[in-house]
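Colleague: Hi! Could you walk me through this one in plain words?
Modeller: Happy to, let's look together.

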Amino acid sequence: MGNIKFVKENKEVIAADGANLRIKAMQNGIDIYKIIGKLTNCGGNGQCATCIVEIVEGIEHLSPRTDVEQRKFKKKPDNYRLACQTLVNGPVSVITKP
């Protein structure tokens with residue numbers, strides 16, 4: 001079990017090991033999409049890259065970057081992730097819409 005702290009929203013949620021970050025955010029009323037992402041998101045398939053989050057603490061408790069993330073984030077810092085591709089396995093702190 002791990003807690004996910006959403007920094008901007010000042011909200012903390014509990015997640016079972018292996019929980020999907022995007023799904024946990026949505027289940028708890030956390031808006032991870034900017035305006036255009038709300039209209040064009042792919043529904044969690046890793047294709048649109050609109051659910052970008054910044055991990056500020058606990059990156060070691062996340063699943064490794066997927067091949068999709070490696071391609072989409074070639075020029076982004078290592079702590080940028082697609083919420084839909086990220087599995088949580090411990091406590092993390094997340095900034096939405098970086």
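Modeller: Lys97 is partly exposed, at 28% relative accessible area (buried is under 20%, exposed over 50%, partly exposed in between, with a 1.4 Å probe and protein chains only). This is a predicted model, where local features need pLDDT of at least 70, side-chain atom pairs count only at pLDDT 80 or more, and totals for chains, interfaces and linings use all residues. Residues are numbered from 1 along each chain as its sequence is written, and side-chain values use heavy atoms, leaving out hydrogens and water.

Colleague: Which side chain does Lys97 meet in a salt bridge?
Modeller: That is Asp31, at 3.6 Å from N to O. A salt bridge here is a side-chain nitrogen of Lys or Arg within 4 Å of a carboxyl oxygen of Asp or Glu.

Colleague: And what parts does that pair tie together?
Modeller: Lys97 lies in the segment after strand 7 (92–96) and Asp31 in the loop between helix 1 (21–27) and helix 2 (35–40), so the pair links parts 66 residues apart in sequence. Helices (H or I, at least four residues) and strands (E, at least two) are DSSP runs, numbered from the N terminus.

Colleague: How many salt bridges does the structure hold?
Modeller: Two. Glu69 also pairs with Arg81, with the closest N and O atoms 2.7 Å apart.

Colleague: Are Glu69 and Arg81 buried or exposed?
Modeller: Both of them are buried.
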